[in-house]
Amino acid sequence: KERVARALHELGNGAEQPFVPVACSAIPAGLLEGELFGFRKGSFTGADEDRSGLLEEAGEGTVFLDDIDDVPLEAQAKLLRVLQEREFTRLGGHSVRPFRARVLAATKVDLQQAVAAGKFREDLYFRLNVVPLRLVPLCERTEDLSALLGALLQRWDPEGRHRIAPEALRKLAMHPWPGNVRELENSLRRALALAGRARILRLEHLLPGGIGSHS
């Protein structure tokens, strides 16, 4: 999801501006607002100095809110105001700061169902749901395996010392890839580590547990 978000940022206006990914699920609920909006010194225990937030650091670039379904309802209300008014205030502060960045959001659950369950604000859902994109899982686009592995090999084997056996590539298309591209990348990195002096990566290097095993 982040790779797609980065591509949208780099292909759009403001590509020279910051790209700021926010892993909403990785930030404790009590700290999320401070991370997003920033805070003034003394606004809460441990706030020993003024700090800018991620929304401010994005400037006129892009904020990518990954796993936005994990944002608490109270923070959702404040985030909605940012999107509506295009401005925000640091925690403990009074001065209003403009918000000019583009917002991209990703979710691992159906937000319509989350809205019906009372776990996600309906007004925020409609504010975010401007241009929805569905990322097809890797198991539904195995024809992309060759191109993806080629790009990953350039990253992890820039000297071009290895290549993948055609038979292994055909069999990789049979794997369900529950971890999608991240699992594919991990499989390739493991293969490079297991290959030793071999220059041809075989299926047992890429999937030691065999087809259907999880990474």
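Start at N180, which is partly exposed, with a relative accessible area of 28% (buried is under 20%, exposed over 50%, partly exposed in between; 1.4 Å probe, protein chains only). The model is predicted, so local features need pLDDT of at least 70 and side-chain atom pairs pLDDT 80 or more, while totals for chains, interfaces and linings use all residues. Residues are numbered from 1 along each chain as its sequence is written, and side-chain values use heavy atoms, without hydrogens and water.

N180 lies in helix α9 (helices are DSSP runs of H or I, at least four residues; strands are runs of E, at least two; both are numbered from the N terminus). Phi of N180 is near 55 degrees, positive in a residue other than glycine.

Step back to W177, in the loop between α8 (166–172) and α9. W177 is not a glycine either, yet has a positive phi of about 50 degrees. At 2% relative accessibility, W177 counts as buried.

Next, select V181, E183, L184, E185, S187, L188, A191 and L192, the buried residues of α9. They pack against α1 (2–11), α7 (145–156), β9 (200–201) and α10 (203–206) (contact means heavy atoms within 4.5 Å). Just after α9, G196 has a positive phi of about 65 degrees.

Finally, select α2 (residues 29–37) and α4 (residues 73–85). Their axes are 10 Å apart, at an angle of about 15 degrees (axes are lines fitted to C-alpha atoms, for helices over the stretch in contact; angles run from 0 to 180 degrees between N-to-C directions). L32, E33 and F37 in α2 meet E74, A75, K78, L79 and V82 in α4.
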